[in-house]
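Hi everyone, thanks for making the time. I'd like to walk you through a structure, and please stop me whenever you want to look at something again.

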Amino acid sequence: MAGKLRITLVKSPIGAVPAQRKTVEALGLKKMHKTVELPDNDAVRGMVWHVRHLVKVEEI
């Protein structure tokens, strides 16, 4: 688990629960189809798990 994750927002968080919207923003995703690279650690994986229906994740 020492690599990085490439996270892409593929579904709009507009209709999502407010906590999920804040999680998406905390991941650094503000617009649709934008991608961020974050470290592969437990904190990031936990955030991704909560919004897994809104994002696409690739290990790099």
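This is a predicted model: local features need pLDDT of at least 70, side-chain atom pairs count only at pLDDT 80 or more; totals for chains, interfaces and linings use all residues.

**A walk through the model**

Let's start with alanine 26, which lies in helix α1. Alanine 26 is exposed, with a relative accessible area of 56%.

What is the order of its strands? The order is β2-β1-β3, in an open sheet of 3 strands with antiparallel pairing. That puts β2 and β3 at the edges, each pairing on one side only. On average, neighbouring strands are turned by 25 degrees against each other, ignoring direction.

Let me take the two pairings in turn. β1 and β2 run antiparallel and are joined by 5 bridges.

Is threonine 8 buried or exposed? Threonine 8 is buried, because its relative accessible area is 10% and the cut-off for buried is under 20%. Leaving out residues up to four places away in sequence, threonine 8 touches His33, Lys34, Thr35, Leu54, Val55 and Lys56.

One of those contacts, histidine 33, deserves a stop of its own. Histidine 33 sits in the loop between α1, residues 18-26, and β2. Its phi is near 65 degrees, a positive value in a residue other than glycine. Most residues other than glycine have a negative phi. Histidine 33 is also exposed, with a relative accessible area of 58%.

α2 lies across β1, β2 and β3, and runs at about 25 degrees to β1.

How many residues does the largest one have? The largest nonpolar core has 14 residues, and those with the most contacts inside it are Ile7, Leu27, Leu29, Val44, Leu54 and Val55. β1, β2 and α2 are the elements that give two or more residues to this core. β1 gives the most, with 3 residues. Do click on isoleucine 7: setting aside residues up to four places away in sequence, its contacts include Leu27, Leu29, Val36, Leu38, Val44, Val48, Val55 and Val57.

Let's turn to the charged side chains. Side chains of opposite charge can pair when their charged atoms come close. The structure holds 5 salt bridges. One of them joins the side chains of arginine 6 and glutamate 37, at 3.2 Å from N to O. This pair links distant parts of the chain, with arginine 6 in strand β1 and glutamate 37 in strand β2, 31 residues apart. Arginine 6 is partly exposed at 29% relative accessible area, and glutamate 37 is partly exposed at 43%.

Arginine 45 is the other one to look at. It forms a salt bridge with aspartate 40, the closest N and O atoms being 2.7 Å apart. Aspartate 40 lies in the loop between β2, residues 35-39, and α2, residues 42-50. Here aspartate 40 counts as buried at 9% relative accessibility, while arginine 45 is partly exposed, with a relative accessible area of 32%.

Arginine 45 also forms a salt bridge with glutamate 59, with the closest N and O atoms 2.9 Å apart. Glutamate 59 lies in strand β3 and arginine 45 in helix α2, so this pair ties together parts that are 14 residues apart in sequence. Glutamate 59 is exposed, with a relative accessible area of 61%. And finally, salt bridges that share partners join Arg6, Glu37, Lys56 and Glu58 into one network.

Notes:
Residues are numbered from 1 along each chain as its sequence is written. Side-chain values use heavy atoms; hydrogens and water are left out. Buried means under 20% relative accessible area, exposed over 50%, partly exposed in between (1.4 Å probe, protein chains only). Contact means heavy atoms within 4.5 Å. Helices (H or I, at least four residues) and strands (E, at least two) are DSSP runs, numbered from the N terminus. Two strands pair if DSSP finds at least two bridges between them. Axes are lines fitted to C-alpha atoms, for helices over the stretch in contact, and angles run from 0 to 180 degrees between N-to-C directions. A nonpolar core is a set of buried Ala, Val, Leu, Ile, Met, Phe, Trp, Tyr and Cys residues joined through side-chain atoms within 4.5 Å. A salt bridge is a side-chain nitrogen of Lys or Arg within 4 Å of a carboxyl oxygen of Asp or Glu.
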